[in-house]
Amino acid sequence: MNKWMKLAHDEALAGMQNNEGGPFGAAIVRGDELVCVTHNQVLATNDPTAHAEVNAIRQASRILGSYDLSDCVLYTTCYPCPMCLGAILWARIPTVYYGATGADAAKGGFDDERFHTFIRNPGNAFNLAPLDMEKTRELFNRWLEKSDRILY
């Protein structure tokens, strides 16, 4: 087993055995150095966003002092869900290695297909409607007027 994936695997197993979350682990590596290894903590934190990949991105960003992880590689024990894919894109991580597939996760009761379906065709999965657009658009004008803004 790849040494980085093994770390993610072992972390997933530990988190799962401690009932902190599902069977998911992630490791972030920069060069030949481990930055962090985390596991799913949805149950431990009652936070539905506490997926292994999101936890790893948050921890790596704190450790490295940067939101830009473009010089890092992510190893995750399962194909990332759409939320985690979004976080990976925002963190600018260029390479992701995953172990199990979405089909494997579905067999374990973690079926992300409904999220992938929603992205392709939102339909009416929930009410998504504009509100107060004029006033909220002003925020972007004020953002552009800030001389000290930092783009990310």
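Predicted model: local features only at pLDDT ≥ 70, side-chain atom pairs only at ≥ 80, totals over all residues.

User: How many aromatic pairs does a search of the whole structure find?

Analyst: In general, a pair of aromatic rings is described by the distance of the centres and the angle of the planes. Rings of Phe, Tyr and Trp (its six-membered ring) pair if their centres lie within 6.5 Å; planes under 30 degrees apart are stacked, over 60 edge-to-face, and the rest tilted. Here the search finds five pairs. One of them joins Tyr75 and Tyr97, stacked at 5.2 Å centre to centre with 25° between the planes. Tyr75 lies in strand E3 (residues 72-78) and Tyr97 in strand E4 (residues 95-100), 22 residues apart. Helices (H or I, at least four residues) and strands (E, at least two) are DSSP runs, numbered from the N terminus.

User: Is Tyr75 buried or exposed?

Analyst: Buried means under 20% relative accessible area, exposed over 50%, and partly exposed in between (1.4 Å probe, protein chains only). Tyr75 is buried because its relative accessibility is 10%, while Tyr97, at 43%, is partly exposed.

User: In which sense do E3 and E4 pair?

Analyst: Two strands pair if DSSP finds at least two bridges between them. E3 and E4 run parallel, over five bridges, and Tyr75 stands opposite Tyr97 there.

Definitions and conventions: Residues numbered from 1 in each chain as written. Heavy atoms only, no water.
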